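Here's a quick walk through the folds and contacts of this model. Keep the viewer open while you read.

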Number of protein chains: 2
Amino acid sequence: MSSRLTAIYHVRSDARAIESRAQAIAVEQSVEMPLSAIDDADILNEVVGKVEDIADTGNGLFAVRIGLAAATAGDDPGQLVNMLFGNTSLQDDVTLYDAEFPGALVRGFGGPRCGLAGLRRRTGIKGRAFTCTALKPQGLAPAKLAELAARFARGGIDFIKDDHGLADQAYSPYMARIAAVAAALTVVERETGHRARYVPSITGDLDMLRAQIAAAKNSGVDTVMVQPMIIGLSNFSRLVRENPDVAFFAHPALSGAARIDPALLFGKIFRMLGADAVIFPNHGGRFGYSPQTCRRLAEAARAPWHGREGTIPVPAGGMTTDRVAEMLDFYGAEVMLLIGGALLDAGERLSEETAAFVSKVKDYQYAEGTGQASW
Amino acid sequence: MSSRLTAIYHVRSDARAIESRAQAIAVEQSVEMPLSAIDDADILNEVVGKVEDIADTGNGLFAVRIGLAAATAGDDPGQLVNMLFGNTSLQDDVTLYDAEFPGALVRGFGGPRCGLAGLRRRTGIKGRAFTCTALKPQGLAPAKLAELAARFARGGIDFIKDDHGLADQAYSPYMARIAAVAAALTVVERETGHRARYVPSITGDLDMLRAQIAAAKNSGVDTVMVQPMIIGLSNFSRLVRENPDVAFFAHPALSGAARIDPALLFGKIFRMLGADAVIFPNHGGRFGYSPQTCRRLAEAARAPWHGREGTIPVPAGGMTTDRVAEMLDFYGAEVMLLIGGALLDAGERLSEETAAFVSKVKDYQYAEGTGQASW
């Protein structure tokens, strides 16, 4: 038997129909044609998807495990997700709940190049969670965004990411923004000794993404944010391989449209392709993820996995400083807390509110030994 | 007021909550922060999304029209879809139902370079629908796929596309497959005078896609298939702009029917970015699209639109020859019928079954004047 990957689908079905429905998915996600028309024994034995298990999870849902030939995915991330969910994404009785990958596949893609441990080394931040905020709103010119970044930095924040709406717009071109923000943060570093790291959002086709990463590096920026489901997983993986010295934050934009479980998509697939940090909507914010989904996601991102680095979970989406302790109780120290709008809402007191957020994270009583493995 | 694009969301809500929910979406898809923290009048007036209308469509659903500043999307297709649905895709009470684009935006992306009219000119096929089939299963070596292609071509088929599972796998490398299939079709053309067009599926990152298009052109192939939601919309658009002489079939893999309406995604967005043909699951096949969705999709793809070419609808997904008349009644002549598995199921009689499919399409009594506009 050749190397297999396993997809776990959640299928809405009644008990009488589930066996034939599971078999239909196995065919759809592999040969996509009547098996009666296949006379090649190798294809029937190796390439056709195999239903390995069907479990009734209650509420009319079944967990269906299907084995797929790893050779059909090859080494292209786009083809991998195509084999896992390409056509079945169009059938609304099915979600892709999880997947298990052969170790060789995971090691081949390589995982985070920097990751949890690397980001601690690079920043010198130990024994506590990371802090992050967001530059917005879109519509501001580079000088205004740089001014905002400087005020966040004076509050002692670790990372300042672009709002995912900032791209290469006429009113705020990427190249001008990068230069202005990086320069502003250097000024604050000279004043205060604190270096906040800027995380620009890079967008566009692969050529544009490459040019934007090069410009970021030229400005002394060592971390960028990408939207993997918009730029395409193959391009994301290519950027990671070409830039092992750059840390990549993955943003979840457009990830909801695909009906792929976020613990799998962010915690495993984005991690496998090299996300050093994964931003996702925390429970209790503006989005609908449950605490259980958030926990599964964070565990998948940080668990030991074929010798690859861990990825930092970044719960976000409407968070506030008064939730810091609760979030650290929930996620522990190996997390990056991201508060954007709530800090911006402080207006003139932005640096002070940022400092209050940072203090809460620094002063939290972390459980003994928390996260020591990566420090 | 600067140029606006309009997104139409379908939102599940109760009547009392819908106004505040609509306003929250308008903020989420634009500035993504508390409006109280914005003091720039231009941003408040121009950049913040505006709820333009809320209509109760029944069944607990509301159609919410939101105006967004076209400047936030700029000229990058990835950023456009990010502005339309990036974060809101993560909120499962909302689907993106439709969008209206400024003419300048549509003309800027350019639409199909070949399109319905171009594909008729290029092939000389007039007054009837196009026919298409699929090479599969994956797992076959290039020589076997080429043999299959030759048998389809002897049946008189117009287009032979790769199964979307065929990529650049070790057992059937793209370059070897292209060369073998193109050569086989040339042999059949010499024998029979009929030239079937091969439509290879191109995959991977932008560099790989470019190399695969170049190889296709070198083998005399003038049409390729892409999976826009997997390769990324920005890369799709880039390929179209770089290859105005190549016709592009768009495959719906990973398009996740449930959240972005397929009439918008395939009929408008893929068309705007340059899809010459859009493959989609026909009603009554293996997938869940309704006749109404299929009709809206086909109409969007072919309707006059800012002077751009029409895109050919390609209903597929479990079609059979005995549905030809019904499909032509439904779609008219400006369509490409795609039958894959059902022809392959004929085994030794594959060429004859293909010929029967082609005859049914040729012999159908098309309504007078059907599609004359594009012939």
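## Ground rules

Before we get to helix packing: an axis here is a line fitted to C-alpha atoms, for helices over the stretch in contact, and angles run from 0 to 180 degrees between N-to-C directions. Helices (H or I, at least four residues) and strands (E, at least two) are DSSP runs, numbered from the N terminus.

This is a predicted model, where local features need pLDDT of at least 70 and side-chain atom pairs count only at pLDDT 80 or more, while totals for chains, interfaces and linings use all residues. Residues are numbered from 1 along each chain as its sequence is written, and chains are lettered from A and ligands numbered from 1 in the order in which they are written.

## Helix pairs in chain A

Start with α7 (residues 142-154) and α8 (residues 174-192) of chain A, whose axes sit 8 Å apart at an angle of about 30°. That makes α7(A) roughly parallel to α8(A); the cut-offs are under 35 degrees for roughly parallel, over 145 for roughly antiparallel, 65 to 115 for roughly perpendicular, and oblique for the rest.

On the α7(A) side, the contact includes Leu145(A), Ala146(A) and Ala149(A), and on the α8(A) side it includes Ala180(A), Ala184(A) and Val188(A). Being in contact means that the C-beta atoms, placed from the backbone, lie within 7 Å. By class, the contact of α7(A) with α8(A) has 15 nonpolar, one polar and three charged residues. For these classes, Ala, Val, Leu, Ile, Met, Phe, Trp, Tyr, Cys and Pro are nonpolar, Asp, Glu, Lys and Arg are charged, and the others, Gly among them, are polar.

Further along, the axes of α12 (residues 262-273) and α13 (residues 291-302) of chain A come within 8 Å and cross at roughly 15°. So α12(A) and α13(A) are roughly parallel to each other, and their crossing is right-handed. Among the residues that meet are Phe266(A) and Arg271(A) from α12(A), with Arg296(A) and Leu297(A) from α13(A). The class count for this contact is six nonpolar, two polar and three charged residues.

## A helix pair in chain B

In chain B, look at α9 (residues 206-218) and α11 (residues 233-242), with axes that come within 11 Å and cross at roughly 30°. That makes α9(B) roughly parallel to α11(B), and the crossing is again right-handed. Leu206(B), Leu209(B) and Ile213(B) of α9(B) make the contact with Asn235(B), Arg238(B) and Leu239(B) of α11(B). Those residues split into four nonpolar, one polar and one charged.

## Two sheets in chain B

One open sheet of chain B has four antiparallel strands in the order β2-β3-β1-β4; strands pair if DSSP finds at least two bridges between them. At its edges stand β2 (50-58) and β4 (94-100) of chain B, each with a single partner strand, so one side of each has no neighbour in the sheet. The twist averages 25° from one strand to the next. Six bridges join β1 (residues 4-12) of chain B to β4(B), and the partner of His10(B) in β4(B) is Thr95(B). Helix α1 (residues 18-28) of chain B lies across β1, β2, β3 (61-69) and β4 of chain B, running at about 135° to β2(B).

The other open sheet is parallel, with its four strands ordered β7-β6-β5-β12 in chain B. Its edge strands are β7 (197-199) and β12 (336-338) of chain B. Strand β5 (residues 130-135) of chain B pairs with β12(B) over three bridges, and Cys132(B) has Leu338(B) as its bridge partner in β12(B).

## Domains and the chain interface

Chain A is divided into domain 1 (4-100) and domain 2 (115-363), with bounds from an automatic or database domain assignment. Their centres, taken over C-alpha atoms, are 34 Å apart. Eleven residues of domain 1 of chain A are in contact with eleven residues of domain 2 of chain A. On the domain 1 side, β4(A) gives the largest share, with five residues.

Between the chains, 70 residues of chain A are in contact with 71 residues of chain B. Helix α4(A) gives the most to the chain A side, with six residues. By class, that side has 28 nonpolar, 27 polar and 15 charged residues.

Conventions. Two residues are in contact if their C-beta atoms, placed from the backbone, lie within 7 Å. A crossing is left-handed if the near helix is turned anticlockwise from the far one by less than a right angle, and right-handed if clockwise.
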